Amino acid sequence: MTKFEENSVNKGFLLALFTASKFCVFDLLHNKPGLDAEQIAQEIKASVKGTETLLEACVSLGLLRTKDTTGHPKPVFENTELATHFLRSDACFSLHAYIQHCNDTLWPLFSHLDSAVQEGTSQREKVKKCKEMSEDSFCNSREAKLRFMHAMHSSAKVAATDVATAFDLSSYKTACDVGGCTGAIAYELIKVYPDLSVTVLDLPAVVEISELFQRQHADKRVTFKAGDFLKDELPKADVYILVRILHDLTDEKLHILLRKISDACTPGCCLLLSEIFLEENRSGPSRGLLQALSMSEGKQRSAVEYSRILKDHGFITVQVKHTNNFLDSMMCVKA
Ligand SMILES: C[S@@+](CC[C@H](N)C(=O)[O-])C[C@H]1O[C@@H](n2cnc3c(N)ncnc32)[C@H](O)[C@@H]1O
């Protein structure tokens, strides 16, 4: 298969995934495995032809499989392990909300890819304008924030164990998860390190909603602080955590934030950074390069680039870990 064909299949993969997810096909087949295309079409209120085509595509992509059809004239469908673990909306590691976020927020950025490449700038404003014209400023609504938080929460949960265990943090007592959103990483950290307390710092509008995500956990070792990490004083901690923050910031904002963290640290304090680390020659991984292509205000970097930036702020890289998850990690110590 040529690179071109491979990429068109990836695009098809995403579209099939979004669509099946939107119609809750994976939830339906979890609750009622072994339905045929006609029965599924009826349940999701879609055309039989369209449903059949979608199901076949999902089978070819390894998201669904057909079950032994003896005694049944038509093929019947069930979820594969992949769909059971990651695509059901109520699965422990569900990426349902993240897929929705990709569909609603990231995907539209790609429809302005020509301008993004021409200008080399984020197309968020353009997408926002189009949306505002059609949807009455949905972007700033509580619903949009909640949707974003669900997306972050679900994907953070998938990476949380690998992020928390990438390095031994057992000698530290206090941590601050800077831009920690719903606390998904913080709650994993206290599970792994019972003596650790974590302050999650995030914007007031996010902290206000974050309560909705804490009902099952609620543990006083995790506290939430509303604030702006570019303007307000950072909570004091032995470990500062930055998961999926730096790649999204302009160079100017990145340096403001790192200066604030560096000022808050005493020698020996730790900085745990988790991002997708690009290969040194920028040949991959493609999830990082594609994220860069959606053109946020920031940029994707290699571990060496991050190390260099952090060194300028007084941090020495102790170790870099490429996990088998979608985020890599780096541990640095303040000199
Ligand atoms: C891409 S999300 C990452 C969330 C979390 N660290 C994770 O990986 O799941 C970025 C987070 O940073 C927060 N954030 C962005 N700008 C901020 C600021 N100026 N002050 C505090 N939090 C901010 C956002 O609200 C959001 O929760």
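Predicted model: local features only at pLDDT ≥ 70, side-chain atom pairs only at ≥ 80, totals over all residues.
Let me begin with the domain assignment of this protein, which gives domain 1, covering 3–90, and domain 2, covering 161–334.

I will turn next to the ligand, which is surrounded by 17 residues, the closest being Ala-156, Gly-179, Cys-181, Phe-229 and Arg-244. The elements that give two or more residues to this shell are α9, residues 142–165, and β5, residues 197–202. If we sort the shell around the ligand by class, we find eleven nonpolar, two polar and four charged residues.

Two packed helices are described by the angle between their axes and the distance between the axes. For helix α6, residues 96–110, packing with α9, the angle is about 130 degrees and the axes are 7 Å apart, which means that α6 counts as oblique to α9. The crossing in which α6 passes α9 is left-handed. On the α6 side the contact involves His-96, Ala-97, Tyr-98, Gln-100 and His-101, and these meet Arg-147, Phe-148, His-150, Ala-151, His-153, Ser-154 and Ser-155 in α9. By class, this contact of α6 with α9 has four nonpolar, seven polar and one charged residues.

The other partner is helix α10, residues 184–192, whose axis comes within 8 Å of that of α9, the two crossing at roughly 35 degrees. This crossing of α9 and α10 is right-handed. From α9 the contact draws on His-153, Ala-156, Lys-157, Ala-160, Thr-161, Val-163, Ala-164 and Thr-165, while α10 supplies Ala-184, Ile-185, Glu-188, Leu-189 and Val-192. The class count for α9 with α10 is eight nonpolar, three polar and two charged residues.

Finally, some backbone details. Most residues other than glycine have a negative phi, and most peptide bonds are trans. Cys-24, however, has a positive phi of about 55 degrees although it is not a glycine, and Cys-24 sits in the loop between α1, residues 3–22, and α2, residues 25–31. Gly-284 and Pro-285 are joined by a cis peptide bond, with omega about -10 degrees, and Pro-285 lies in the loop between β8, residues 270–275, and α13, residues 286–293.

Notes:
Residues numbered from 1 in each chain as written. Domains from an automatic or database assignment. Near = placed C-beta within 6 Å. Helix = DSSP H or I, 4+ residues; strand = E, 2+ residues; numbered from the N terminus. Nonpolar A, V, L, I, M, F, W, Y, C, P; charged D, E, K, R; others polar. Axes fitted to C-alpha atoms, helices over the stretch in contact; angles between N-to-C directions. Parallel < 35°, antiparallel > 145°, perpendicular 65-115°, else oblique. Left-handed = near helix turned anticlockwise from the far one by under 90°. Contact = placed C-beta atoms within 7 Å.
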